[in-house]
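Dear colleague,

Please find below the structure that I am handing over to you.

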Amino acid sequence: MLSPDQIFAFLAAAMLITLSPGPDNLMVLSLGIARGRRHGMVFGLGCALGCLSHTLLAAAGISALLAASATAFLALKLAGGLYLVWLGVQALRSRGSQWQGGSQWQGGGQSQQDGLAALFGKGLLANAINPKVVLFFLAFLPQFIVADGAGVAWQTLQLGVLFTLQAALLFGLLGYFSGYAGQWLMTTPRRGMWLDRLAGTVFVALGLRLIFSR
């Protein structure tokens, strides 16, 4: 098991990183403002749980292979960037209704529960196929692994779960409180439409940034 010193040092660094401005923060914040605290919290939870996939890859050593292969990394980067752009386009095409699931940004024919489930899946996928998170986990987690402690893979799994839990908490709080600002802004359909435009612009910008980054 991880030592208390490992846990406290890791959580302090992980929380600072999670709270610093980044793609996940911006997506959760913009979505919480545009669609309300429940949507922001659900999307944030999906983003946080997406870290589990990177944890498993890092523990298995597959992330290192992806990082070493320029072709694999480029393919993953393009897939992640295009997916974010696609999400943004759906928001830009909406008319201020609901950011819900299915194949469309706007899914008025679905139940609220179905919409939130699909939204959770979008957050999960957006994080899971982000190659920058792959590299981050490869660079960040090993700094807190004790060589003479338990197995490296086991320590990696524990650290990844800790990171996921604190990210879920902080993203949930971000989505919740950003929803309060959105409540006032969403009092008219026209405001809702422009908030969707804002959220869509953020997603498109982040997707293009990922595609053209080096």
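Val85 lies in helix 6, which spans residues 70–93. Please bear in mind throughout that this is a predicted model. Is Val85 buried or exposed? Val85 has a relative accessible area of 17%, and a residue counts as buried under 20%, so Val85 is buried. The contacts of Val85, with neighbours within four places in sequence left aside, are Phe203, Val204, Gly207, Leu208 and Ile211. One of these, Val204, is 119 residues from Val85 in sequence, yet the two C-alpha atoms are 4.3 Å apart in space.

Helix 6 also meets helix 8, which covers residues 131–140. The two axes come within 8 Å and cross at roughly 125°. An angle of that kind makes helix 6 oblique to helix 8. On the side of helix 6, the contact is made by Phe73, Leu76 and Lys77; helix 8 contributes Pro131, Val134 and Leu135. By class, the residues of this contact divide into 5 nonpolar and 1 charged, with no polar residue.

Lys132 is a further residue of helix 8. With a relative accessible area of 34%, Lys132 is partly exposed, as the range for that class runs between 20% and 50%. Which residues does Lys132 touch, not counting those up to four places away in sequence? They are Leu210 and Ser213. As for Leu76 of helix 6, its C-alpha atom is 9.6 Å from that of Lys132, and the two residues are 56 apart in sequence.

**Helix 3 and helix 4**

Helix 3 comprises residues 37–49, and helix 4 comprises residues 51–60. How do these two helices pack? Their axes are 4 Å apart and the packing angle is about 0°. Helix 3 and helix 4 are therefore roughly parallel to each other, given that angles under 35 degrees fall in that class. In the contact, Cys47, Ala48 and Leu49 of helix 3 meet Cys51, Leu52 and Ser53 of helix 4. This contact has 5 nonpolar residues, 1 polar residue and no charged ones.

Helix 3 also contains Met41. At 33% relative accessibility, Met41 counts as partly exposed. Residues up to four places away in sequence aside, Met41 touches Gly172, Gly175 and Tyr176. Between Met41 and Val28 there is a separation of 13 residues in sequence and of 7.5 Å in space, C-alpha to C-alpha.

Which residues of helix 4 are buried? They are Cys51, His54, Thr55 and Ala58. Viewed down the axis of helix 4, these buried residues fall within an arc of 105°, so they line one face of the helix. The face turned away from the buried side of helix 4 carries the exposed residues Leu56 and Ala60. Gly61 follows helix 4 and has a positive phi, near 85°.

Thr156 has its place in helix 9, which runs over residues 152–185. Thr156 counts as buried, at 6% relative accessibility. Not counting residues up to four places away in sequence, Thr156 touches Thr55, Ala58, Ala59, Leu141 and Ile145. Thr55 and Ala58 were listed above among the buried residues of helix 4.

**The chain as a whole**

How many helices and strands does the chain have? There are 10 helices and 0 strands, and the pattern along the sequence reads α-α-α-α-α-α-α-α-α-α. The chain has 214 residues, of which 45% count as buried. Among contacts between residues at least 6 apart in sequence, 75% join residues at least 24 apart.

With kind regards

Technical notes. Residues are numbered from 1 along each chain as its sequence is written. This is a predicted model: local features need pLDDT of at least 70, side-chain atom pairs count only at pLDDT 80 or more; totals for chains, interfaces and linings use all residues. Side-chain values use heavy atoms; hydrogens and water are left out. Buried means under 20% relative accessible area, exposed over 50%, partly exposed in between (1.4 Å probe, protein chains only). The arc is that of the directions from the helix axis to the C-beta atoms. Axes are lines fitted to C-alpha atoms, for helices over the stretch in contact, and angles run from 0 to 180 degrees between N-to-C directions. Angles under 35 degrees count as roughly parallel, over 145 as roughly antiparallel, 65 to 115 as roughly perpendicular and the rest as oblique. Contact means heavy atoms within 4.5 Å. Ala, Val, Leu, Ile, Met, Phe, Trp, Tyr, Cys and Pro count as nonpolar, Asp, Glu, Lys and Arg as charged, and the others, Gly among them, as polar.
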